Amino acid sequence: MITASFTLTANTAQLALTGRWVIRSIAYVNGAAGTLTAWDNSSTAATQSNEAYDNRTVTDPYTRTTTNDDLVGNEQTYTYTGVADEDNTVEADASWPLPIAVSLATPAAGSVSTVTRINTGRGLVLKSTVNATAIVEYEPAL
Amino acid sequence: MSLPALPLIDGSPCLSWNPQDRRLYNRLDRWLVEREVKFRKVRGNWRKPFGSMNWQANVGPTITSVITEPPPVLRQFSFPNRLEGNPAKKDVVQVRERTTPAYLFHHKFESPVFQWLSSFQDFIKKKVTKNVDYVMKWQEDFANQFYRGVMFHQSPAVFYPDSAAGEVDDTCPIGYGSADGSTGKSDAYLAAALANIGSPGNLSIRALFAALGYMEEDAKAVPYQAGSASDDSVLNDKFLCMCSTEAYGNFINDPYLREMRPLAANYIAEGFKGDLWGRVTFSLHSDPIRVLRAGDGSISFPAPDIIQENPAAPNFGQTIRNPDYRAAQYELAFLVGAEAYDIINPGPPPADFAASGPDRISSLKWNGRPRITDRINVPCETESDGTAWEANAYDEFLRVISYMVLGIAPITTRNVLPIFFKRSRNLTQSLI
């Protein structure tokens, strides 16, 4: 297990770790009320540019009717009720926010820590709303 | 040290040191030894867990399977009328049908053109014959990659452990996929979906349990029953998890397993074996589908292997793991129930093309059996620096060729649930 300390500047994202790591715990120490957020990325960007893609939406309930003649020539209307999967396009989003892995907050100057199971795919980015120190325990994932 | 020219006559009586020139005589630069080495056996046959069906010739390019669907369960309680003074209400039960199409696909496989001179003077003999075996192995890999690709792109749901958007995505796109990643579960879709996988996000026992719950309760998937698959002695009333050895081996680090293990279990010496909850058993396969996610969020599917091409490297020419494949953060496993797909047997080629005889040089073969052919056109540079193509009239060249027709018929695609997860080998509960 490796323990490292990172000095954070207020409202400035910092790429603390790069690569595949399991983050076991994070301690947040500051001199004023603040919030620490962490997310998985290999740069300090908090967003990702997503291209448009197709998926499906479900219309529930969905009703359709058809007409047909029965054997003796009477026109019958048939009603079918269920759900309907329909094609959908998710529009491109150039600033799609990356999910936050963990968020810690202190109501006043002090420290707070939490046990985590963050499994980074690209790296660990930390950002604090105030000047602070983050102490991270981690080990290799691969 | 200068020595007198040899042979020497009338030399000095004190001449005593006259070593032979080591480089004077002919010798072999190196002694070549052909060695047979064992390679890691490829695990996983994607044909065995599924059924098979025969293609019928002369009925068009598409087989459409018609399946009778049971009527839906439309209530949780039933409230019939009391017998005295009340007419009986009436239920009308109607079954429905659904159809699912299947197609045939084809692909060709070839070796480079072999020249007789190489076979005559190169060290390793019978390279042409040996190449036939490698083309056969390549084809087996191709078929497995095709089958699992269709299953992935055709699945109506995908499981993403610890995803911020919900672990089961049952609105994922469905298609046949394409080399450019624009159809089926497109690269754009996966780039967005994989970004939502949280932590730990690995193929944990908890994740498998949640996936099993979805399969049984929501997807209404059917487990394997006795007699429903080849070598099915362990598949009675079970689902099959097809995953890599890395994912399976990491179960011994799983916190759920550690908490629930029998006290006598010795996972250090014996590892983790067997099934989970009596409901899920495992089939391990090599070269699983893995996804590399770049810094900008875009994804790629790196090739599993690559060749060392630096002539100065000690392992020059060796097939090694592709560094991008090793770095891939995500991997795909499949949770499989019964009767999801049928592997199509295309049958023989049309009789007119498959027949051989005195009027035919050869015949159409599409069963994927590699064969050696000398029917090659050879380029020849003309006097005007053009290129003319001549038949291989002098039989100086040979080539290994193979033609494969294959297909897979979706039956009940929801009986296969792809599980995309973050790779990990080291999720231990270390006390250090």
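## Salt bridges in the model

How many salt bridges does the structure hold over all chains? The structure, which is a predicted model, holds 18 of them. Side chains of opposite charge can pair when their charged atoms come close.

One of these pairs links B:Lys422 to A:Asp40, with N and O 3.6 Å apart. B:Lys422 is buried, because its relative accessible area of 2% is under the 20% limit. A:Asp40 also counts as buried, at 13% relative accessibility.

## Where chain B meets chain A

The contact draws on 37 residues of chain B and 30 residues of chain A. Together the two chains bury about 2600 Å², and 48% of this area is on carbon and sulfur atoms. Between chain B and chain A there is one salt bridge. There are also 13 residue pairs in polar contact, counting pairs with both residues at pLDDT 80 or more.

On the side of chain B that touches chain A, helix 3 (residues 187-194) gives the most, with four residues. The residues on this side of chain B comprise 15 nonpolar, 13 polar and nine charged.

## Salt bridges within chain B

B:Asp141 pairs with B:Lys137 in a salt bridge whose closest N and O atoms are 3.0 Å apart. Both residues lie in helix 2 of chain B, four residues apart, or about one turn of the helix. B:Lys137 is partly exposed, with 38% relative accessibility.

A salt bridge also forms between B:Glu246 and B:Arg423, at 2.9 Å between the closest N and O atoms. B:Glu246 is in helix 5 (residues 245-249) and B:Arg423 is in the segment after strand 20, so the pair ties together parts of chain B that are 177 residues apart in sequence. Both residues, B:Glu246 and B:Arg423, are buried. Through shared partners, salt bridges join B:Glu246, B:Arg290, B:Glu331 and B:Arg423 into one network.

In soluble globular proteins, nonpolar side chains tend to be buried together. The largest nonpolar core here has 45 residues, and those touching the most other members include B:Tyr160 and B:Phe420. Helix 2 of chain B gives the most to this core, with nine residues.

A second, separate core has 27 residues, among them B:Ala211, B:Phe239, B:Ala247 and B:Phe282.

Methods
Residues numbered from 1 in each chain as written. Chains lettered and ligands numbered in written order. Predicted model: local features only at pLDDT ≥ 70, side-chain atom pairs only at ≥ 80, totals over all residues. Heavy atoms only, no water. Contact = heavy atoms within 4.5 Å. Buried area = accessible area lost by both parts, 1.4 Å probe. Salt bridge = Lys/Arg side-chain N within 4 Å of Asp/Glu carboxyl O. Polar contact = N/O pair within 3.5 Å; in protein donor to acceptor, adjacent residues only side chain to side chain. Helix = DSSP H or I, 4+ residues; strand = E, 2+ residues; numbered from the N terminus. Nonpolar A, V, L, I, M, F, W, Y, C, P; charged D, E, K, R; others polar. Core = buried A, V, L, I, M, F, W, Y, C linked by side-chain atoms within 4.5 Å. Buried < 20%, exposed > 50% of the residue type's maximum accessible area, 1.4 Å probe, protein only.
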